[in-house]
Amino acid sequence: MMKITQIKEYDKKRRKIILDDGGCVFLLYTGELRKLRLKEGDELGEEEYYAIEKDILIPRAKKRVLYYLKNGSKTRAEVIRKLKESFYPENAINEAVAFLEGYSFIDDKRYAESFVGSKKGKYSRRELEAKLYQKGVSKEEIKEALEEISDDEELEACIKLLRKRIKSEDALVDPAEKRKNYAYLMRKGYSYDTVEKAFREIKV
């Protein structure tokens with residue numbers, strides 16, 4: 001048995017249901033709350049709770065993530081984060097993620113490959129690695145995706161960025177300007193050797 005310790009207003013249409021002092025939290029619409037006749041202090045049996053999950057929360061979680069994916073591909077971690085923000089319980093999250101993976105709607109390996117393919121001319125390997133890591137992609141999948149970037153492509157991206165910063169030939173030889181640009185490019189994730197080659201090959 002679980003006790004409904006609190007029912008709080010979440011927005012105009014929904015209420016936050018808190019079980020066992022925060023052991024489980026989920027949202028229900030006010031109409032659903034009235035239909036289920038739930039109130040603070042009630043004891044909620046396992047069968048009652050699982051019926052709420054099965055009939056309301058899991059279908060809603062699946063619908064929510066499908067809507068979320070309309071704005072573009074997401075990683076597994078991003079989907080989980082979105083559902084947690086909306087107070088879906090763990091089982092509903094797991095079911096929604098399994099549903100998406102079953103239809104290949106989320107695939108971190110494919111996501112990483114596509115992300116790298118579209119961004120490799122704009123960012124260094126290290127920057128791409130950091131961006132994918134922030135999105136929750138595994139180190140192994142990031143590593144495999146980054147293997148698609150050749151040294152020549154990394155150099156070309158570095159040259160392109162350097163060209164944006166160089167406004168005159170003086171900037172290529174002025175020691176202070178050169179040091180400043182070296183530091184900038186290395187902060188962007190390019191190796192010293194790559195930056196050195198970029199300076200040698202660039203033409204203003």
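**Exercise 1. The largest pocket**

The largest pocket of this predicted model has a volume of about 230 Å³. Identify the residues closest to its centre, determine which element supplies the largest share of its lining, and classify the lining residues.

Solution. 

Step 1. The pocket is lined by 13 residues, and those closest to its centre are R14, Y29, R60, R64 and Y88.

Step 2. Two elements, β3 (24–29) and α2, each contribute at least two residues to the lining. The largest share belongs to α2, with 5 residues.

Step 3. Sorted by class, the lining comprises 8 nonpolar, 1 polar and 4 charged residues.

**Exercise 2. The second largest pocket**

For the second largest pocket, state the volume, list the lining residues, and find which helix gives the most to the lining.

Solution. 

Step 1. The volume is about 190 Å³.

Step 2. The lining consists of R125, R126, D151, D152, E154, L155, G189, Y190, S191, D193, T194 and K197.

Step 3. Two or more of these residues come from each of α6 (125–134), α8 (151–165) and α11 (192–201). The element that gives the most is α8, with 4 residues.

Step 4. The class count for this lining is 2 nonpolar, 3 polar and 7 charged residues.

**Exercise 3. Helix α2 against helix α4**

Describe how α2 and α4 cross, and name the residues through which they meet.

Solution. 

Step 1. Two packed helices are described by the angle between their axes and the distance between the axes.

Step 2. The axes of α2 (residues 46–68) and α4 (residues 90–102) come within 9 Å and cross at roughly 50 degrees. The arrangement of α2 relative to α4 is therefore oblique.

Step 3. The crossing of α2 past α4 is right-handed.

Step 4. On the α2 side, the contact residues are E53, L57, I58, A61, K62, V65 and L66, and they meet N91, A92, E95, A96, F99 and L100 of α4. This contact contains 9 nonpolar, 1 polar and 3 charged residues.

**Exercise 4. Helix α10 against helix α11**

Determine whether α10 and α11 are parallel or oblique to each other, and list the contact residues.

Solution. 

Step 1. The axes of α10 (residues 175–187) and α11 come within 10 Å and cross at roughly 130 degrees. The two helices are therefore oblique to each other.

Step 2. The crossing of α10 past α11 is right-handed.

Step 3. Residues K178, N181, Y182, L185 and M186 of α10 make the contact with Y192, V195, E196 and F199 of α11. The class count is 6 nonpolar, 1 polar and 2 charged residues.

How values were computed. Residues are numbered from 1 along each chain as its sequence is written. This is a predicted model: local features need pLDDT of at least 70, side-chain atom pairs count only at pLDDT 80 or more; totals for chains, interfaces and linings use all residues. Side-chain values use heavy atoms; hydrogens and water are left out. Axes are lines fitted to C-alpha atoms, for helices over the stretch in contact, and angles run from 0 to 180 degrees between N-to-C directions. Angles under 35 degrees count as roughly parallel, over 145 as roughly antiparallel, 65 to 115 as roughly perpendicular and the rest as oblique. A crossing is left-handed if the near helix is turned anticlockwise from the far one by less than a right angle, and right-handed if clockwise. Contact means heavy atoms within 4.5 Å. Ala, Val, Leu, Ile, Met, Phe, Trp, Tyr, Cys and Pro count as nonpolar, Asp, Glu, Lys and Arg as charged, and the others, Gly among them, as polar. On a 1 Å grid over the protein atoms alone, a cavity is a set of points where a 1.4 Å probe fits but cannot get out, and a pocket is an open set with protein on both sides within 12 Å along at least five of seven lines; lining residues have an atom within 4 Å of a point. Grid points are joined across faces, edges and corners, and a volume is the space filled by probe spheres set on the points.
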